[in-house]
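Please consult the sequence and structure shown below.

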Amino acid sequence: MAENTGAAAAAGTATETATLAATEFLDHRSPTVRAFVDKTLARAKESETRTQKATALYYAVRDGITYEVYGADLTRHGLSATGVLEKGFGFCVHKSILYAAALRAVGIPSRVYYGDVRNHLASPRLRELVGGDVFRFHSLTVVNLDGRWVKATPVFNKLLCKLYKIKPLDFDGRTDSLYHPFDEDGRQHMEFIHEHGSFDDVPYDLVVGGIQQAHPQLFASAHTTVSGSLADEAATATV
């Protein structure tokens, strides 16, 4: 019994170490990431809880980094937390990486999650480029707070949500924050159709290779998506 208990404790320690580590992509020790975290939490009190820090960082990523599928950088550097901050925009894969890294910077375990989704509200152009309404390797972040893992999706910023008539996703640190299945007009929005799972670090070849293979027309070059603007497409559609 003692041996089993010791093995379980060792496994738990190893898991926690892996979910707090600085990696090539979750490079939370970089000056750029540290500056982002410090600025976000500048007004935090010493007594502020881990959950309060996690939620503050969530909103900083959700609304501070523009959600944009077009012109996105999917190089290895472009998919590091530092690269995302340097660019200032990205889509779900980029923003989930940045949030995971920011959490680790303050000692909160995190992982990145990937799943395939059916998005019913994509613009006509994006739907054509993607080849339908199924998006492969949609990403979010999994956070460990108070001893349990919860899902957080710091993806669509407020402006884009307003344009697409989608309620912004909030996060309280206690319950999962996932895409609402319906938009503000009651139209079906998004559903998860396949789970790839959560990872301690970005499985770069799996994710980028999977997106390239599933959506080749979305790419202008090997690691950069075509130019455009989701906000402009949404605004044009409402005129």
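Which residues does Glu-68 touch, not counting residues up to four places away in sequence?

## Basis of the model

This is a predicted model, in which local features need pLDDT of at least 70 and side-chain atom pairs count only at pLDDT 80 or more, while totals for chains, interfaces and linings use all residues. Residues are numbered from 1 along each chain as its sequence is written, and side-chain values use heavy atoms, with hydrogens and water left out.

## Surroundings of Glu-68

Glu-68 touches Phe-89, Gly-90, Phe-91, Gly-228, Ser-229 and Leu-230, not counting residues up to four places away in sequence; contact means heavy atoms within 4.5 Å. The side chain of Glu-68 reaches the backbone nitrogen of Leu-230 at 3.2 Å.

Glu-68 lies in the loop between strand S1 (66–67) and helix H4 (81–87); helices (DSSP H or I, at least four residues) and strands (E, at least two) are numbered from the N terminus. Because its relative accessibility is 10%, Glu-68 counts as buried (under 20% relative accessible area).

## Packing of H3 against H5

The axes of H3 (residues 50–64) and H5 (residues 92–105) come within 10 Å and cross at roughly 150 degrees; axes are lines fitted to C-alpha atoms, for helices over the stretch in contact, and angles run from 0 to 180 degrees between N-to-C directions. H3 is therefore roughly antiparallel to H5 (an angle over 145 degrees).

Ala-54, Leu-57, Tyr-58, Val-61 and Arg-62 of H3 meet Lys-95, Leu-98, Tyr-99, Ala-102 and Leu-103 of H5.

Terms used. Angles under 35 degrees count as roughly parallel, over 145 as roughly antiparallel, 65 to 115 as roughly perpendicular and the rest as oblique. Buried means under 20% relative accessible area, exposed over 50%, partly exposed in between (1.4 Å probe, protein chains only). A polar contact is a pair of N or O atoms within 3.5 Å; within protein, one must be able to donate a hydrogen and the other to accept it, and residues adjacent in sequence count only if both atoms are side-chain atoms.
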